[in-house]
Amino acid sequence: MAELVTGISELTTCDPDLGVVPDAAVVVDAGRIAWVGPAARAPEADTATDLGGRAVLPGWVDSHTHLVFDGDRSAEFRARMAGEEYAAGGIQVTTDATRSADDDRLRALVTARVAEAAAGGTTTIETKTGYGLTVEDEARSARIAAELVDEVTFLGAHLVPAGWDAEEYVDLVVGDMLDAVAPHVRWADVFCERGAFDEDQSRRVLEACRDRGIGLRVHGNQLGEGPGVQLAVELGAASVDHVAFLSDSDVEALAGSDTVATVLPGADLSTRMPLAPARRLLDAGATLAIASNCNPGTSYTSSMAFCVTTAVLQMGLSIEEAVRAATWGGARALRRETGDGPDGLGAVGSIAVGHRADLHALTHPAAIHLAYRPGMPATHAVWRAGRRVA
Ligand code: NIG
């Protein structure tokens, strides 16, 4: 059944040929975009939905989250707001709570978090393991994540767990742990940062995963300048995420590479760190993504609208740049911006014929209202693969 969606005051396609279309219409059929253009030229369809003058964007592509966890870190957050510094060690608190949760509870927690993200317009979501940190617990997180989200990343190298020697833990990560998670994941990541894994340890993890045919991502340059960005670029990682503290050569390396620079404004704000230099990265020619980094330690939000608003109000991006980074940019960071995708329903992150029909109708008449009316309800309706999900 084809559905004609009209009443679109402004359609931001994030497609280089189509751009922003005023007074637009879209036809969705069999999970894909079947037609897009000016409403005056729209074909007929089996059913019709009139949005009554609202802006439509591609569904958000949230390329960095940590949804598989139990426990509460609000006391740590409160202490930070009173002047404490963020430290990677908090990950152990969530790891202890996550290990104690049974499978059903963990599944229910992840399901609720995915639904919350979808209600805010997110139609493609990545999530990481990383709060298990034993072979069994990492494999369980990967398996549950693979049931419930679009893209799964192995983050056994999130923290050296309590009681372990770092080198011996890396041996475990690249050995039995990797064997156990490999069937469930498409990506591997490492927290390359002081207090987590150094350059040599990070390289060992990334190379072992790459040699198994797993795509690479890196948590880099979150808490200070460090080797994360250069390592990610050297090893051809699909993205390096956080990128808050960058030298000129880091920016240059990103600009000359296929590695997407993913900024995570929720984490910058929640750790009271400087905002990542998104403007500088774009001006240098780097490819930019914006993601929520939803996790209990540094960014307990899956609101991509909030991240886009922050990027416009405080990181110096135009609304078009911010929306593109949170849709097409996220898709590029997951290598889903072209091709048919694992579900065989087309590319995500932009609206064009043949792409997966992921539409986000705003409550607003234009995308700029996301920043002009910060914090106001933003989502009117969401289609994922042509089906209304919110
Ligand atoms: O992306 N930096 C590492 N991982 C998460 C935080 C994890 C935590 O504190 O629980 C992040 O910010």
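In β6, which residue is the bridge partner of Asp 62?

A: The bridge partner of Asp 62 in β6 is Ile 125. Before the details, two notes on the basis. The model is predicted: local features need pLDDT of at least 70, side-chain atom pairs count only at pLDDT 80 or more, and totals for chains, interfaces and linings use all residues. Residues are numbered from 1 along each chain as its sequence is written.

Start with the strand itself. Strands here are DSSP runs of E with at least two residues, helices are runs of H or I with at least four, and both are numbered from the N terminus. Two strands pair if DSSP finds at least two bridges between them. Strand β5 (residues 60-62) pairs with β6 in the parallel sense over three bridges. Strand β7 (residues 151-157) also runs parallel to β6, again joined by three bridges. There, Lys 128 stands opposite Thr 153 in β7. Such pairing works through backbone hydrogen bonds, either parallel or antiparallel.

Now burial. A residue is buried if 20 or more other C-beta atoms lie within 10 Å of its own, exposed if 12 or fewer, and partly exposed in between; the C-beta atoms are placed from the backbone. By that count β6 is mostly covered, with seven of its seven residues buried.

Thr 122 lies in β6, which spans residues 122-128. Thr 122 counts as buried because it has 32 C-beta neighbours inside 10 Å. Contact is defined by C-beta atoms, placed from the backbone, that lie within 7 Å. Leaving out residues up to four places away in sequence, Thr 122 touches Gly 59, Trp 60, Asp 62, Ala 117, Ser 302 and Met 304. Val 382 is 260 residues from Thr 122 along the chain, yet their C-alpha atoms are separated by 8.3 Å.

Next, the domains. An automatic or database domain assignment supplies the bounds. Domain 1 covers 3-58 + 350-388, and domain 2 covers 60-317. Their C-alpha centres lie 30 Å apart. At the boundary, nine residues of domain 1 are in contact with 12 residues of domain 2. On the domain 1 side, α14 (369-372) and β14 (379-384) each supply at least two of the touching residues. β14 gives the most, with three residues. By class, this side of domain 1 has five nonpolar, two polar and two charged residues. Here Ala, Val, Leu, Ile, Met, Phe, Trp, Tyr, Cys and Pro count as nonpolar, Asp, Glu, Lys and Arg as charged, and the others, Gly among them, as polar.

β14 also belongs to an open sheet of seven strands. The order is β3-β2-β1-β4-β13-β14-β15, with mixed pairing. The edge strands are β3 (32-38) and β15 (387-388), and each pairs on one side only. Within this sheet, strand β1 (residues 3-12) and strand β4 (residues 47-58) pair in the parallel sense over seven bridges. Val 5 stands opposite Thr 49 in β4.

Then the core. A nonpolar core is a set of buried Ala, Val, Leu, Ile, Met, Phe, Trp, Tyr and Cys residues joined through C-beta atoms within 7 Å. The largest one holds 122 residues, of which Val 26, Ile 290, Val 308 and Ala 311 touch the most other members. Helix α5 (residues 166-181) brings the largest share, eight residues. Ala 311 touches Pro 265, Ala 278, Ile 290, Leu 317, Ala 322 and Ala 325, not counting residues up to four places away in sequence. Ala 322 and Ala 325 are among the buried residues of α12. That helix, residues 319-326, is mostly covered: six of its eight residues are buried.

13 residues surround the ligand, the closest being Gly 90, Ile 91, Ala 267, Gly 297 and Thr 298. Membership requires a C-beta atom, placed from the backbone, within 6 Å of the molecule. The shell has four nonpolar, nine polar and no charged residues.

Finally, two backbone angles. Most residues other than glycine have a negative phi. Ala 30 has a positive phi, near 50 degrees. Ala 30 lies in the loop between β2 (20-29) and β3, and is exposed because 11 other C-beta atoms lie within 10 Å. Asn 221 also has a positive phi, near 55 degrees. Asn 221 sits in the loop between β9 (215-220) and α7 (228-234). Asn 221 is buried, with 26 other C-beta atoms within 10 Å.

How values were computed:
Contact = placed C-beta atoms within 7 Å.
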